[in-house]
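Here is a short briefing to read alongside your structure. Take a moment to turn the model around before going through the points below.

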Amino acid sequence: MQASVEQLSKVSVLADLETADKLNLQPHTQVHSYRNGEIILHEGDRLPAKLYAVVGGSIQITKTASTGKETILRTLSTGDIFAAPALLGDGVAPATVTAQSDCEILTVARDALLKAIQQNPDIALRMLVVFNSRIQQLHETVHGLVSERAIVRLARLIQYFATHDGTEPTEQGVALKIQLPYYRMARSIGITYEECVRLIKSVNSVIDYSRGGKITILDTKKLDAIANGEQ
């Protein structure tokens, strides 16, 4: 199915284009729907030369080590672009992309995108900003896995989702709007499920974990101290 102008407007790097420019891109777009849990791209897949973007729902990107251990690299939602190698690299999917909810994925053919960039160079700049941020985030993740204690990585993960997805006040403290089950936190910071459970219990005066992955920050200052390696 061809993308609508409204769907193109949801893509962060294309949002500021004039309506006429979006209409020019339309014939070169496709939108595919995926159900929660469905694989969108497998690590190692050959990728058509396209821009990939989420225009509804959310996706999860994971990497599997030679040992079989899977690590969650990031979660992306509406407006985010992904699969950079399809445009800028060797055309091979570097990780597995899975629908984290029912979602819609929009693609734009590379040649049409390059033509749009010629007329609107800001598109390329926005893309570079996004991909540079991803590289920095990946560097920090790898550095943390090598040099930071697991409790520090856990605290920083919770801080990240508090900032990225927002919080809401409760009688106890501030609750993350996104749910973070044990398995997801463990796979995000490179530890076992059992170790994650133990860590959460060890800081139960700072973080409250409820069934299903509801996280409430009870003491923001202490969480900051843990994230800074001070505790």
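In the protein chain, the 24 positive and 25 negative charges have mean positions that lie 4 Å apart. Please keep in mind that this is a predicted model.

**Overall fold**
- You will find nine helices and twelve strands in the protein chain.
- With a radius of gyration of 19 Å, close to the 17 Å that the globule rule gives for 231 residues, the protein chain is as compact as a globular protein of that length.
- Along the principal axes, a box of roughly 55 × 40 × 30 Å holds the C-alpha atoms of the protein chain.

**Contacts, burial and surface**
- Of the contacts in the protein chain with a separation of 6 or more, 68% join residues 24 or more positions apart.
- Of the 231 residues in the protein chain, 44% are buried.
- The protein chain has an accessible surface of about 12100 Å², and carbon and sulfur atoms contribute 51% of this area.

**A closer look at Thr98**
- Is Thr98 buried or exposed? Its relative accessibility is 16%, and buried means under 20%, so Thr98 counts as buried.
- Beyond its neighbours within four places in sequence, Thr98 is in contact with Gly37, Glu38, Ile39 and Ile40, and also with Ile59 and Gln60.

Key: Residues are numbered from 1 along each chain as its sequence is written. This is a predicted model: local features need pLDDT of at least 70, side-chain atom pairs count only at pLDDT 80 or more; totals for chains, interfaces and linings use all residues. Side-chain values use heavy atoms; hydrogens and water are left out. Helices (H or I, at least four residues) and strands (E, at least two) are DSSP runs, numbered from the N terminus. The radius of gyration is taken over C-alpha atoms; the globule rule is 2.2 Å times the number of residues to the power 0.38. Buried means under 20% relative accessible area, exposed over 50%, partly exposed in between (1.4 Å probe, protein chains only). Contact means heavy atoms within 4.5 Å. Accessible areas come from the Shrake-Rupley method with a 1.4 Å probe; for residues, only the protein chains shown count as cover. Lys and Arg count as positive and Asp and Glu as negative; His and the chain ends are not counted. The place of a charge is taken as NZ of Lys, CZ of Arg, CG of Asp or CD of Glu.
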